[in-house]
Amino acid sequence: MAFSFDELTKKAKDMAAVAADKAKDAAELAKVNVAIAGEQREMDKNYRTIGEWFVSEYEGEIPDAVRDLVEAVSASKAKIAELEASKPVREEPVETPEGERACPICGAVSDSKFCPHCGAPME
């Protein structure tokens, strides 16, 4: 049973069409997944804002159902403040080559917008 060149060409075109359809479907799925993730981030941000408002508005009247969570948030804020205060202070400026900056967090030198070592924004 021999295949002709035309049959082989037709099969290749059919396979290419299927591959293109699958790629299109994958791209559409990725686009939808990115949109969903964006909406979830927005929803999380709004929930966080509601929670912050609630805690500040009803500071002395926190219901028992959320009292433990509010206390945990307060403990975390205190720990963050403690950690911020314990950061070492750089006394001498870091000399950097022209066009480069020193990271305000870890001191690594780079010309990028974000530190390649710790990921902090480079001011």
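This is a predicted model: local features need pLDDT of at least 70, side-chain atom pairs count only at pLDDT 80 or more; totals for chains, interfaces and linings use all residues.

Reader: Why is S110 called buried?

Author: Its relative accessible area is 9%. Buried means under 20%, so S110 gets that label.

Reader: What makes S110 and S112 a polar contact?

Author: Their side chains come to 2.9 Å, and the cut-off for such a pair of N or O atoms is within 3.5 Å. S110 itself lies in strand β2, residues 109-110. Leaving aside residues up to four places away in sequence, S110 touches E100, R101, P116 and M122.

Reader: Why is the pair of W53 and Y58 called edge-to-face?

Author: The ring centres of W53 and Y58 are 5.8 Å apart, and rings pair if their centres lie within 6.5 Å. Their planes stand at 90°, and over 60 counts as edge-to-face, so that's the name for this pair.

Reader: And why is the pair of F54 and Y58 called tilted?

Author: Here the centres are 5.2 Å apart and the planes are at 40°. Under 30 would be stacked and over 60 edge-to-face, so F54 and Y58 come out as tilted. W53, F54 and Y58 make up one aromatic cluster.

Reader: How do you know that W53 is partly exposed?

Author: W53 has a relative accessible area of 45%.

Key: Residues are numbered from 1 along each chain as its sequence is written. Side-chain values use heavy atoms; hydrogens and water are left out. Helices (H or I, at least four residues) and strands (E, at least two) are DSSP runs, numbered from the N terminus. Buried means under 20% relative accessible area, exposed over 50%, partly exposed in between (1.4 Å probe, protein chains only). A polar contact is a pair of N or O atoms within 3.5 Å; within protein, one must be able to donate a hydrogen and the other to accept it, and residues adjacent in sequence count only if both atoms are side-chain atoms. Contact means heavy atoms within 4.5 Å. Rings of Phe, Tyr and Trp (its six-membered ring) pair if their centres lie within 6.5 Å; planes under 30 degrees apart count as stacked, over 60 as edge-to-face and the rest as tilted.
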